[in-house]
Amino acid sequence: TVHTLVIPRLSSADRFARRLLDDMVRPAGLLDEAVVLRRCAMYRKAFPTSALSFPASVLRSGVVADWIRRHGVSVDIASVEELDLAVSREVTAKHLVMHCRADTDPDAVRRAVAAGVIKFVVGAEEHLAVLGGSTGAVRQVMVDSAQPGWEDHAAQVVAQRATSLIGVHGELLRSDGAGGADTVIEMVAAM
């Protein structure tokens with residue numbers, strides 16, 4: 001079975017989705033479920049003790065969505081549309097990670113909170129304000145180290161009662177050309 005897969009951004013999750021598509025040998029708009037399932041299993045086996053997450057775009061395939069649910073793998077979402085897709089495919093809220101980009105509307109963050117999403121990657125004050133004002137479960141937050149003032153954001157997460165800092169998030173292959181090792185060194189030095 002072949003499905004359409006739209007990959008509009010170039011985040012690490014989107015680059016992963018592209019690798020799932022047979023290392024760009026296939027046109028980026030086609031998704032072969034057998035290839036995706038093999039690669040999902042391969043990545044899961046290669047990183048057995050690591051938290052592994054897949055981009056929401058792979059949920060367009062019902063077979064892949066079933067595999068993700070069965071294995072309790074996390075799904076990265078970055079929009080209301082991706083949240084709706086994940087909910088429609090019955091991915092539990094505890095397995096969703098909302099990536100709040102600079103252009104993410106605070107209402108999308110509110111909607112994720114209302115849906116029960118607990119894990120967030122944030123890099124903007126308005127997203128932190130939404131999470132800080134939320135009630136119910138404490139939101140687990142990773143601060144996006146690519147955003148200006150991320151150190152202040154980390155301090156804000158720690159200071160809020162509704163949020164808990166669980167890590168720092170960074171792109172290993174950044175748009176400025178820095179490689180993965182350089183990115184990790186910079187993040188550790190900054191901490």
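**Confidence first.** I checked pLDDT before anything else. The chain averages 79, and 76% of its residues reach 70 or more. Two stretches made me careful. Residues 1–11 have pLDDT below 50, although the model gives this stretch 35 contacts beyond near neighbours in sequence. Residues 21–30 also stay under 50, with 20 contacts beyond four places in sequence. Where pLDDT is low, the predicted coordinates should not be read in detail. I left both stretches alone after that.

I found an open sheet of six strands, running 3-4-5-6-7-8 with parallel pairing. Which strands sit at the edges? They are strand 3 (53–55) and strand 8 (163–169), each pairing on one side only.

**Strands 6 and 7.** Strand 6 (residues 119–122) and strand 7 (residues 139–144) are joined by four bridges in the parallel sense. I followed V121 across and landed on M142, its bridge partner in strand 7. Then I asked what lies against this part of the sheet. Helix 6 (residues 125–132) packs there, touching strand 6, strand 7 and strand 8. The direction of helix 6 makes about 155 degrees with that of strand 6.

**Helix 6 and its helix neighbours.** I stayed with helix 6 and turned to helix 5 (residues 106–114). The two pack at about 30 degrees, with their axes 9 Å apart. Why did I write them down as roughly parallel? The cut-off is under 35 degrees, so helix 5 and helix 6 qualify. Their crossing is right-handed. From helix 5 I listed P106, V109, R110 and V113, and from helix 6 E126, H127, V130 and L131. Sorted by class, this contact has five nonpolar, one polar and two charged residues.

Then I looked at helix 7 (residues 150–159). Helix 6 and helix 7 pack at about 5 degrees with axes 10 Å apart, which makes this pair roughly parallel too. Here E125, L128 and A129 of helix 6 meet H153, Q156 and V157 of helix 7. I sorted these as three nonpolar, two polar and one charged.

**Helices 2 and 3.** The axes of helix 2 (residues 33–46) and helix 3 (residues 62–71) come within 9 Å and cross at roughly 20 degrees. I therefore put them down as roughly parallel to each other. How is this crossing handed, left or right? Helix 2 and helix 3 cross in the right-handed sense. On the helix 2 side I noted E33, V36, L37, C40, A41 and R44; on the helix 3 side, G62, V63, V64, W67 and H71. By class, the residues of this contact come out as seven nonpolar, two polar and two charged.

Notes: Residues numbered from 1 in each chain as written. Predicted model: local features only at pLDDT ≥ 70, side-chain atom pairs only at ≥ 80, totals over all residues. Heavy atoms only, no water. pLDDT = per-residue confidence, 0-100. Contact = heavy atoms within 4.5 Å. Pairing = 2+ DSSP bridges. Axes fitted to C-alpha atoms, helices over the stretch in contact; angles between N-to-C directions. Parallel < 35°, antiparallel > 145°, perpendicular 65-115°, else oblique. Left-handed = near helix turned anticlockwise from the far one by under 90°. Nonpolar A, V, L, I, M, F, W, Y, C, P; charged D, E, K, R; others polar.
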